[in-house]
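Dear colleague,

I am passing on the structure below, and after it you will find some notes on what turned up in it. Please read the two side by side.

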Amino acid sequence: MKACSDLLEHLSRLHTTPLGAERIRRNLGLGPDVQDPVAWCREKICAEHAVVSRAGKNWYAAAGGCIITVNAASHTIITAHKACAGAVHD
């Protein structure tokens, strides 16, 4: 899948803002043991079972019970949410 390979080719460029990092921590309930939410997201996106899709200007990576939203142009992690049971993003 091209979307998946495009995102995986640019994993080193992933970043977020300080507010984005706090939003990711809060939405996913990440504890103080997770020092770097970007590294945490990168690990989830790289996981063998991750499903990556692109819709408009964003990539969506579903893995490990969460959905991570990444801006395709800037490689900024916008947000991450816990996945709802049975929810699939087109």
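Thr76 is buried, with a relative accessible area of 17%, where buried means under 20% relative accessible area, exposed over 50% and partly exposed in between, for a 1.4 Å probe and protein chains only. This is a predicted model, in which local features need pLDDT of at least 70 and side-chain atom pairs count only at pLDDT 80 or more, while totals for chains, interfaces and linings use all residues. Residues are numbered from 1 along each chain as its sequence is written, and side-chain values use heavy atoms, with hydrogens and water left out.

Thr76 sits in the loop between β3 and β4 (strands are DSSP runs of E, at least two residues, and helices are runs of H or I, at least four, numbered from the N terminus). Leaving aside residues up to four places away in sequence, Thr76 touches His15, Thr16, Thr69, Val70 and Asn71, contact meaning heavy atoms within 4.5 Å.

Ser53, in strand β1 (residues 51-55), is also buried, at a relative accessible area of 16%, and its C-alpha atom is separated by 9.4 Å from that of Leu7, 46 residues apart along the chain.
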